[in-house]
Amino acid sequence: LAVFPVVLYHAGIAGFGGGFVGVDVFFVISGYLMAAVIIGELDRGEFSLLQFYERRVRRIFPALFAMIAASAVMAWFVFMPVEFTYFARSLKATVLFISNIRFQREVGYFDIESQLKPLLHTWSLAVEEQFYIVFPIAVVLIVRFFRRYLALILLATLAASLIASTWAVHYAPEKAFYLAQYRAWELLLGAVLALSLIPRPTQRLAREAMAGTGVVLIG
C-alpha cells in the first residue's frame, strides 16, 4: 500500500498518476510502528535512546550507503559537470539526513530535471529520520514530567502540523511537500493510532469495513 503505488507511478503505469500518495501512507505506518515500540518499551521500563538509534542505524545504513555508492559510480560516468555538482550536494545532504531541505531549496526555474537527481527519493527518509531524532526524546520527557498530558500534547501537535500543512499546500507547496514540520502530522497520526487515542471498534465487522474503506480511499 505504501511502496507499490510509488513504484508504479514512477514507472508511468496508467492509472497510477497519484501513486505518490503511497509516501503519505508510508509516513502513517512508520509513525504507528515507531510509537508502538517506544511507548511499549517505556511502559516496561526497557526503553533506551541509544538502543533505539542503534536499531535505526542497523536498519537504514547498510542499504542506504550501498545505494549511495552505486549511484556515485554511475554519476561519475554519466553526468555532465553541472549535474555532477548537483549530485555531490545531494549526496552530502543525504548522509546528513537533510536532503529534503536541499531539494526544497533547489526548486525553481534554473533547477535541473528530477530524473537527473538519483538521490531525490531520499527526501522522505530525511523527513522520517528528522522526526525520529526529535520524537523519542520528546516522548521520554513528556512521559517523565507530563505523563497525564501525553495524549493532549500529541493531538495538539498533530493539529498544529495539519493546519500548517493545509496552509502551506496553497501558499508554499514546495515546503509543504518536502519539510518535516508540514509532514509531522502524518507520522503523529500513526502514533495516535498506535496509542489507541482514537477508540477502536470492538466488532470485527466494523473493523473490517473500516479497513476496506481505507484501502478504497487510497485507491
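**The largest pocket and its neighbour**

Guide: The lining of the largest pocket is made up of 24 nonpolar residues, with 8 polar and 6 charged ones (Ala, Val, Leu, Ile, Met, Phe, Trp, Tyr, Cys and Pro count as nonpolar, Asp, Glu, Lys and Arg as charged, the others, Gly among them, as polar). Please keep in mind that this is a predicted model, where local features need pLDDT of at least 70 and side-chain atom pairs pLDDT 80 or more, while totals for chains, interfaces and linings use all residues. Numbering starts from 1 along each chain as its sequence is written, and side-chain values use heavy atoms, without hydrogens and water.

The space in the largest pocket comes to about 1,300 Å³ (a pocket is an open set of points on a 1 Å grid where a 1.4 Å probe fits, with protein on both sides within 12 Å along at least five of seven lines; lining residues have an atom within 4 Å of a point). Its lining counts 38 residues, and V6, H121, T122, W123 and S124 are the closest to the centre. At least two lining residues each come from α1 (3-10), α2 (21-44), α3 (49-78), α6 and α8 (173-178) (helices are DSSP runs of H or I, at least four residues, numbered from the N terminus). Helix α2 gives the largest share, 7 residues, while α6 spans residues 122-145.

For context, the second largest pocket holds about 600 Å³. Of its 16 residues, Y32, L193, R207, M210 and A211 lie nearest the centre.

Notes: Grid points are joined across faces, edges and corners, and a volume is the space filled by probe spheres set on the points.
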